[in-house]
Every structure is written in structure tokens, then in C-alpha cells.
Amino acid sequence: MKRTLLAVTTLLLAGTSLAQTKTLTVYSGRAKTFVDPVVQQFERQTGIKVNVRYGTDAQLVAAIREEGSKSPADVFWGNSMGALGELAEEGRFTKLGTALTRNVSSDYLPDNRAWVPTTVRFRTLAYNTGKIKPEQLPESILDLPKMTSLKGRIGWTVSYPSFQDFLGAMISKYGEATTRQWLEGMKALQPKDYKTSNVGMLEAMRAGEIDVALTNHYYIQRVNRLSYPIDTYFFKNGDIGNLGNATGAAILKTTKNSASAARFLSALVAKDAQTFFLSVNFEYPVIGNILQPTTMLPYSDVVKRSPRIDPTVLPKNIDKAQKLLRDAGLL
Amino acid sequence: MNARRPHPLLLLPALLAVLGVLLPLVYLVLRALDAESSELREIVFRPRNLELLANTLLLTLGVLAGTTLIALPLAYLAARTDLRPRRLLMLLGVLPLAIPGYVGAYALIAASGAGGTIDALTGIRWPGPSGYWGALGVLTLFTFPYLFLNLHAALRSQDPALEDAARLLGRTPWQTFREVTLPYLRPAWLSGALLIALHVLGDFSVVSLMRFPTFSAAIYQQYTAAYDRVYSAWLALALLLVTGAALLLEARLMRGVRLSRVSPGGTRRPTVLPLGRAAPLAWAGLAALAGAALIVPLGTIVYWLRLETNPFAWNSLLEAFQSALGAAAVAAVTTTALAFPLAYIGSRHSGPLARLTERAAYLGYATPPLAFALALVFFTLNVVPPLYQTFPLLIIAYTLHFLAEAVGPVRTSLLKATPRLEEAGRLLGLSAPQTLRRVTIPLVRPGLLVSAAFVFLSVLKELPLTLLLSPIGFETLSRNVWAYTEEAQYASAAPYALALALSGALLTLLILRREDRRAPRSAPTRPAPPAAAPAPPKEGPA
């Protein structure tokens with residue numbers, strides 16, 4: 001009995017001392033499929049153990065706020081500029097060194113260098129090629145509520161960060177009143193809300209539940225691989241419906257592992273990880289010299305379609321966007 | 001029964017059970033009030049709250065009606081007719097309990113629509129379940145066993161003399177059923193209905209998948225989609241109020257119900273009704289039920305399983321299986337251990353203190369799990385930060401939540417084990433702790449095992465507490481089914497769903513066999529406490 005106890009204690013002690021070597025806690029709004037392989041490679045290369053807490057951006061932002069100075073998080077890896085900007089505005093991130101951001105395209109890098117973009121994606125409209133011709137679709141997303149023929153046939157994801165970012169950007173560009181009006185107009189068309197699940201939404205489109213859906217460009221690329229009858233529709237150049245949006249990562253001020261955290265961020269913008277994000281999820285890389293599949297519009301082309309939105313104003317407008325959604329009874 | 005005050009040490013667990021639930025709830029209130037008054041006014045008087053309330057109530061009533069429509073005929077067929085084999089009917093009445101609601105919802109969604117299982121196999125496009133009717137259907141199919149078990153036990157134990165008397169006094173069979181049998185079933189129906197109501201009120205997963213906004217669905221949506229937790233806290237409080245109202249209503253309806261036999265002598269077995277030509281009709285109904293609640297869900301899971309091609313899936317499955325089993329095993333032990341003193345007081349002492357003590361167990365069970373989990377997050381961060389996101393906190397949450405399930409079976413075995421044996425032990429010179437170890441515990445071991453098995457099964461299926469309170473990197477079967485289903489990755493969800501359904505079925509069968517063996521040859525003289533479900537607080541037999 002005594003011997004077993006001793007053995008158990010030794011094991012436990014060994015466990016804790018191992019745990020103390022080097023661990024990094026990452027709060028990830030990005031899905032496990034994209035995170036796991038990168039984390040595993042990082043662990044192999046550096047010997048640093050990485051614990052990942054998965055959640056939606058909003059869930060993790062709320063958690064980091066609730067946890068305050070007691071937060072176990074070292075790194076926040078967010079799915080949207082809104083969430084990253086929100087925490088940056090609150091002064092929860094450390095300023096990143098230039099070594100880390102040197103090779104990263106300046107298009108989506110915030111001036112205060114509170115976070116580094118990891119990939120870029122664009123909002124688009126997905127449509128069922130069997131039911132809709134692109135000529136039938138409006139030039140601007142602002143005119144989508146006029147499409148009464150699509151009543152009950154539109155899908156969106158009200159809880160999804162990129163959608164809320166898009167709404168925040170709409171507020172930045174056109175003001176609250178126009179955005180509220182747009183939401184009311186959309187609501188009158190009885191869109192189906194797929195919460196946070198774009199994959200679920202496109203599955204529903206395949207199943208015939210809806211004909212068009214507001215989503216991110218790569219979801220369509222992913223289902224095209226499975227030859228679904230679904231294609232991408234971009235609104236006219238500069239339209240808010242084509243909003244470009246970055247995912248990104250930041251180091252929390254409360255971290256005690258800033259060196260490991262910085263190494264993790266560098267790994268995310270290194271060639272290996274960037275190639276992986278592109279190949280597995282069709283997201284645009286933030287560094288140059290990575291070959292893109294021909295099914296995707298070249299970055300230089302697609303970036304022109306997106307309007308320019310000041311990323312520092314965006315966070316304030318996400319709160320407003322969530323409020324508008326609640327007022328409209330959608331959230 | 002012993003009217004003496006129970007030993008203060010025995011009261012400690014009850015105190016823990018109450019404080020463990022109430023203290024975090026205080027923090028939920030504090031968090032809810034943590035906003036500016038203009039914001040608070042806007043939150044509390046939001047028109048959406050009314051819509052959520054209406055939806056929540058409509059769904060609860062709908063599921064109660066639906067489960068009654070399934071459970072009552074099935075229980076009657078199993079208990080009172082010559083339909084055989086009876087064991088098959090029992091299985092049909094109990095096995096759906098092994099399938100958690102979100103697995104059932106997942107399976108039925110993945111079975112229907114273009115490209116779904118039914119379309120792929122037969123070419124028939126069945127519209128997918130969604131909205132009010134979808135939520136109602138799924139919740140009905142996978143919660144009716146709570147009601148079935150209660151009604152079946154009551155129907156088996158009813159003294160046929162009552163019905164005979166009604167017939168002799170000139171009532172038709174139908175009138176007898178309406179005027180004698182149905183009123184007799186009322187308490188059993190009420191306890192089962194309360195369990196189902198608690199389940200529906202607390203469920204966020206099925207309603208979220210069916211896109212039907214109720215309070216729980218809204219809490220979950222706020223939790224995943226808003227940067228601010230104040231509104232979640234308010235919704236959780238609103239849900240607590242609705243749940244409290246349901247509890248009060250049940251207690252009120254239960255008041256004054258006395259069904260114990262007063263005449264001397266034993267009861268006969270219930271009369272068996274020959275079905276004759278109605279039998280094929282009954283079998284058709286049973287086949288439809290088996291199809292919807294068991295065959296289609298399991299078939300769909302197996303169908304999607306073939307499509308899972310990710311070679312790493314099996315490794316993750318093993319890992320998730322291990323953590324799920326580990327957590328369930330630990331929680332089963334802690335919960336049963338905490339339940340024992342509560343049940344002991346409830347069965348060996350009487351008076352208001354004893355009754356209150358036993359009811360303390362139901363507090364955690366009645367608290368909607370999402371609300372409880374949020375409360376625990378606020379509580380630990382503010383009061384005991386070292387517990388935040390740890391395995392012990394998860395176990396504490398399970399224990400407090402499932403305590404009620406463990407109290408029932410232990411109390412039943414304690415009631416059957418006469419205190420005379422304990423007294424004899426004391427007279428023969430054993431100390432109190434020795435009596436406990438050498439007399440009481442061996443006597444109630446079967447009850448303890450059943451309790452542990454119930455809790456084990458419940459923890460395995462549990463989703464909301466697991467989702468909000470698991471330590472970082474802790475993956476279980478339920479978490480993974482949910483994560484993949486939410487993303488409509490049906491093939492990836494399949495292995496976890498199957499592992500859950502199979503281990504659930506295995507446990508259910510084990511419990512059923514144990515209960516079978518323990519059931520006395522002659523019917524008990526008063527409705528036995530419902531077998532598979534925790535008996536909700538009710539007026540104790542005098």
C-alpha cells in the first residue's frame with residue numbers, strides 16, 4: 001500500500017515538473033482542423049507543449065474579459081478582426097516586434113501592431129447554380145433586401161464572427177440607420193439563420209433548403225472540391241458585401257511565456273503554416289511567394305473588390321452590430 | 001422510523017449540496033446586475049424575452065403531450081395486455097434513453113434531406129426536422145422513457161380490485177379506464193412529467209440544432225456569439241424562474257394525493273387484457289416507434305460511419321472515450337457517496353428536517369445546467385480562481401447536478417433493509433461506524449450500484465456542463481459529437497455518436513436486468529419510486 005502511494009506521488013510529481021518545463025496556452029477561435037496540425041508541428045520543432053482552448057471568438061473574448069488578470073491564456077488566435085480589435089482596444093495585447101511582422105503584407109496589419117494577421121478571407125454570396133443565374137443577383141449587397149423572389153431562400157450566419165464584422169463594417173461605412181434598415185429589409189425576406197455554421201448552411205443549400213447564402217469565400221471552395229452545385233458571386237468592386245477580413249493572432253499582456261508565445265506567432269506566419277492554411281482551407285496567405293490554386297481569384301485581384309475599412313474603428317462597431325441584431329430580434 | 005434529529009455529521013452533505021448550488025447562483029445574480037441601469041432596463045424589457053418565454057412554454061407543453069401519447073399506450077400494452085414478449089416492449093420503452101437528444105437530433109437531420117441517408121438509400125427526400133415540430137419530435141422520442149417507466153410501474157402495481165369494483169358497479173371498460181385507472185396514474189404521471197419538463201427546459205442542444213429559440217437556446221447563442229455575458233446571465237435567471245414555477249406547480253398538483261391501500265391483505269397481479277384482433281395494430285404502432293426512436297437513428301449513424309475517412313479519427317475516439325469514461329466513473333463514485341447520507345436521513349429519520357435534507361438533492365437537478373455552468377464560471381473566477389477550468393470543478397458540477405438521480409435507488413434499498421438489522425448489530429456490540437460498514441452498506445450495495453450506474457450513464461451523455469466547464473484539452477464523446485454536429489460534419493460525428501449510443505444501451509440493459517432481478521414476485525402495495533428516474537420531491541408516505 002505504502003509503496004503504491006509512493007509510486008503514485010512520484011508519478012504525480014514527475015507529471016507536474018514535466019508540465020512546468022514549457023507550456024503555452026492558446027485560446028483559439030479557429031477550428032481544430034486548422035489548428036491541430038500546426039500545433040503538432042510546432043510542438044515537435046520546439047519542444048513547447050501547447051494547450052488549446054477552442055471556442056467561438058465571442059466566447060473567448062468574453063472569457064478573457066471575465067478572467068481578467070487571472071487569464072491562463074498566452075495567445076489569442078482569432079477568427080475575425082472585430083474580436084482581435086476589441087481586445088486590442090482594451091489594451092490586452094502586447095505590441096509585437098518588427099521581426100515578427102517584417103514579412104507580413106501590410107494590407108491587414110494594424111498600425112499599432114497589437115496583432116498579426118494570419119490569413120485573409122473575403123465575404124461573398126454563395127448561390128445554387130441549379131436554381132439561380134448570377135445575372136439575377138444584385139450588384140450591391142445593399143440591394144439584396146429588394147430581392148423578394150428570394151424570400152425564405154436566403155441563408156446567413158448571424159452568430160458567426162465574420163458576419164458580425166461585415167455588419168460592423170457596414171455601420172462604419174454607411175452608419176447605423178442604413179444598417180438597421182438593411183437588417184429589417186433582410187428580416188422581411190425571412191432568411192434562415194445557421195448560427196455559426198457556414199458548413200451547415202452550405203449543406204442545407206445542397207439539400208435544397210436555401211438558394212443563396214452570405215458566407216466566406218473559402219467555404220464555397222471547400223464544397224466545390226466535393227462538386228456541390230454551388231458557386232461564388234462577388235458583388236461589384238468596393239462593395240461592402242465583398243469585405244476582406246483577416247484572422248490573426250496576438251500575445252496577451254498577462255502572459256508569463258512571452259518568448260514562447262512570440263515563437264508560436266512566428267510559426268503561424270512562416271511559409272509552412274501559410275501553405276497549409278491555403279491548401280486545406282483556401283484562405284489567402286499574408287506572406288508572398290506562395291502558389292495559389294487556379295480555382296481562386298489571385299489575391300491582387302480579389303483585394304481590389306473589398307472596400308477599405310479602418311480596422312481601429314471596427315471593434316466599436318461590432319458592439320453596435322450585436323445590439324442592432326438584438327434589437328431586430330435576430331440574436 | 002426514527003424521529004430523532006439526525007447526527008449533525010450526516011447533515012453536512014446536505015448542506016454541501018445546497019450551498020454548492022446556491023452560492024454560484026448568487027454570483028449569477030451579481031453578474032446579471034453588473035451593468036448600467038439603462039442597459040439593464042433595455043435587457044429586461046426586450047420584447048424577445050416574451051417570445052422566448054412563449055416558445056419555451058409551448059415546447060414544454062407540446063413535449064409533455066407527445067411523450068404522454070407514446071408512453072401511456074406503451075406502458076399499458078406492456079403492463080396490462082397479453083402482447084408478448086413483454087421484455088421487447090420494456091426494451092422499446094427504455095432504450096431510447098440511451099440516445100442523448102443531440103445524438104437523436106443529429107441522426108434524424110443526417111437521415112433526411114437531399115443527400116441524407118434516406119435519400120441515398122431509397123431516393124425518397126424526406127424533409128428534415130426543424131423548428132417547433134422538429135424540436136418537439138426529437139425531444140419526445142428521446143425523453144418519453146422517463147414517463148414510460150413511471151406509468152409502467154404504477155400500472156403494474158395497481159390493485160385490480162379497484163377496477164373490478166368499477167366494472168361491477170356498471171361502468172364500461174372505457175369508463176373504468178377514465179374514472180379509475182387514469183386518476184390512479186396521476187402521481188406517476190406528475191413525477192415523470194416533471195422530469196421531462198426539467199429536461200426540456202434545460203435542453204439547449206436539440207432546440208439549437210432545430211433552430212427553435214427557447215431560453216436555453218438563447219443562453220447558448222449569447223454564450224457563443226456575444227462579447228458580453230450580462231444578457232446570458234439574465235436569460236439564465238429567467239430560465240431559473242420558469243423552472244421554479246414548474247416545480248411549484250408539480251408540488252401543488254401532488255398535494256393531497258394518497259394512494260396507499262388501506263384494506264388488509266395482499267394485492268393480486270393486474271388483470272391481463274387479451275388484445276385479440278387489435279394485436280397487429282399494436283405491433284404496427286410499436287414498429288413505427290422503434291423505427292423512429294431506434295432504428296433510423298442507429299442506422300443513420302452506422303451509414304455515416306462508413307463515410308468517415310479521416311485516419312486520425314480513431315485515435316481521437318479512443319482518447320475521448322477514455323476521458324469520458326474516466327469523468328463518468330469518478331463522478332459516479334462521488335455522487336453516490338454524497339447521496340448515501342442524504343438517502344439515509346430520508347429513510348431512517350422523519351420530520352421536516354429529514355425531508356428538507358433529502359430534497360436538498362433536487363436543487364442541483366432542477367437548476368438548468370447551462371445556468372448552473374455559467375454561475376460556476378462566475379463563482380470560481382471571483383472566489384476560487386485555482387478551481388477555474390479544472391477537472392475537480394467539472395466533477396463537483398456533475399456531482400451536484402446528478403445527486404438526485406443517485407438518491408432514489410439508494411433510498412429504495414434502504415427502505416427495504418429493515419433498521420432492525422442495524423439495531424441488532426449495535427446490540428451485538430458493533431460501534432456505529434462498524435454497523436455502517438458491516439451491516440448497512442452490504443445491505444444496500446445493489447442500490448448503490450444502480451445509483452452509480454445511473455450517474456455514470458448521465459455523465460456520459462451530459463453536454464452543457466461538459467461544454468462550459470471542461471478543462472482545456474479535455475475532450476469527451478459528447479463534446480465531440482456536438483462540435484462536429486454543429487458544423488454539419490456528420491461523418492466525423494458518427495464514431496462518437498455510436499460509442500455513446502452503444503455504451504448507453506449497454507448500461508441501460510445492465511440497470512434493467514438488475515432492477516428485474518430485484519423486483520419482488522408480488523406487486524408492491526404502493527407505487528414504487530420510479531425505477532430509472534430520480535423520484536422528484538413528493539409527499540412522503542405517512
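Guide: Contact here means heavy atoms within 4.5 Å. The model is a predicted one, and by that rule 28 residues of chain B are in contact with 43 residues of chain A. The area buried between chain B and chain A is about 3200 Å², and carbon and sulfur atoms give 48% of that area. On the chain B side, B:Arg211, B:Tyr227 and B:Ile472 lose the most area to chain A, and together they make up 26% of what that side buries.

Three salt bridges are counted between chain B and chain A, and a salt bridge joins A:Lys32 to B:Glu475, with the closest N and O atoms 2.9 Å apart. Across the interface of chain B and chain A there are also 16 residue pairs in polar contact, both residues of each pair being at pLDDT 80 or more. As for secondary structure, helix H11 (215–225) and H16 of chain B each supply at least two residues of the side of chain B that touches chain A, and H11(B) gives the most to that side, with five residues. By residue type, the side of chain B that touches chain A divides into twelve nonpolar, six polar and ten charged residues.

Chain B itself is divided into domain 1 (8–43 + 329–475) and domain 2 (46–255 + 281–306), and the C-alpha centres of these two domains lie 26 Å apart. Between them, 26 residues of domain 1 of chain B are in contact with 27 residues of domain 2 of chain B. The two domains of chain B bury about 2400 Å² between them, with 75% of it on carbon and sulfur atoms. In domain 1 of chain B, the residues that lose the most area to domain 2 of chain B are B:Ile43, B:Leu370 and B:Lys461, which together account for 27% of what that side buries.

One salt bridge is counted between domain 1 and domain 2 of chain B; the side chains of B:Glu42 and B:Arg46 meet in a salt bridge at 3.2 Å, N to O. Six residue pairs are in polar contact between these two domains of chain B, both residues at pLDDT 80 or more. The side of domain 1 of chain B that touches domain 2 of chain B draws at least two residues from each of helix H1 (8–33), helix H2 (37–44), helix H15 (352–366), helix H16 (369–382) and helix H20 (464–469) of chain B, and the largest share of that side, six residues, comes from H1(B). The residues of this side of domain 1 of chain B divide into 20 nonpolar, one polar and five charged.

A record can be laid over chain B as well: an unreviewed UniProt entry places the feature "domain: ABC transmembrane type-1" at residues 53–252 and 321–511 of chain B. In the model, the span 321–511 of chain B is 84% helix and 0% strand, and its end C-alpha atoms lie 21 Å apart.

Chain A is likewise divided, into domain 1 (2–120 + 246–300) and domain 2 (121–243 + 313–327), whose C-alpha centres lie 28 Å apart. Here 25 residues of domain 1 of chain A are in contact with 18 residues of domain 2 of chain A, and the two domains of chain A bury about 1600 Å² between them, 57% of it on carbon and sulfur atoms. A:Asn79, A:Glu86 and A:Phe282 supply 28% of the area that domain 1 of chain A buries against domain 2 of chain A, more than any other three residues. One salt bridge is counted between these domains of chain A; A:Glu283 forms a salt bridge with A:Arg121, the closest N and O atoms being 2.8 Å apart. Seven residue pairs are in polar contact between domain 1 and domain 2 of chain A, both residues at pLDDT 80 or more. Helix H4 (81–89), strand E4 (116–128) and helix H10 (271–281) of chain A give two or more residues each to the side of domain 1 of chain A that touches domain 2 of chain A, and the largest share of that side, five residues, comes from H4(A). That side of domain 1 of chain A divides into ten nonpolar, ten polar and five charged residues.

How values were computed
Residues are numbered from 1 along each chain as its sequence is written. Chains are lettered from A and ligands numbered from 1 in the order in which they are written. This is a predicted model: local features need pLDDT of at least 70, side-chain atom pairs count only at pLDDT 80 or more; totals for chains, interfaces and linings use all residues. Side-chain values use heavy atoms; hydrogens and water are left out. Domain bounds come from an automatic or database domain assignment. Buried area is the accessible area (1.4 Å probe) that two parts lose on being put together, summed over both. A salt bridge is a side-chain nitrogen of Lys or Arg within 4 Å of a carboxyl oxygen of Asp or Glu. A polar contact is a pair of N or O atoms within 3.5 Å; within protein, one must be able to donate a hydrogen and the other to accept it, and residues adjacent in sequence count only if both atoms are side-chain atoms. Helices (H or I, at least four residues) and strands (E, at least two) are DSSP runs, numbered from the N terminus. Ala, Val, Leu, Ile, Met, Phe, Trp, Tyr, Cys and Pro count as nonpolar, Asp, Glu, Lys and Arg as charged, and the others, Gly among them, as polar. UniProt positions are given in the numbering used here, feature names are shortened, and annotations may be inferred rather than shown by experiment.
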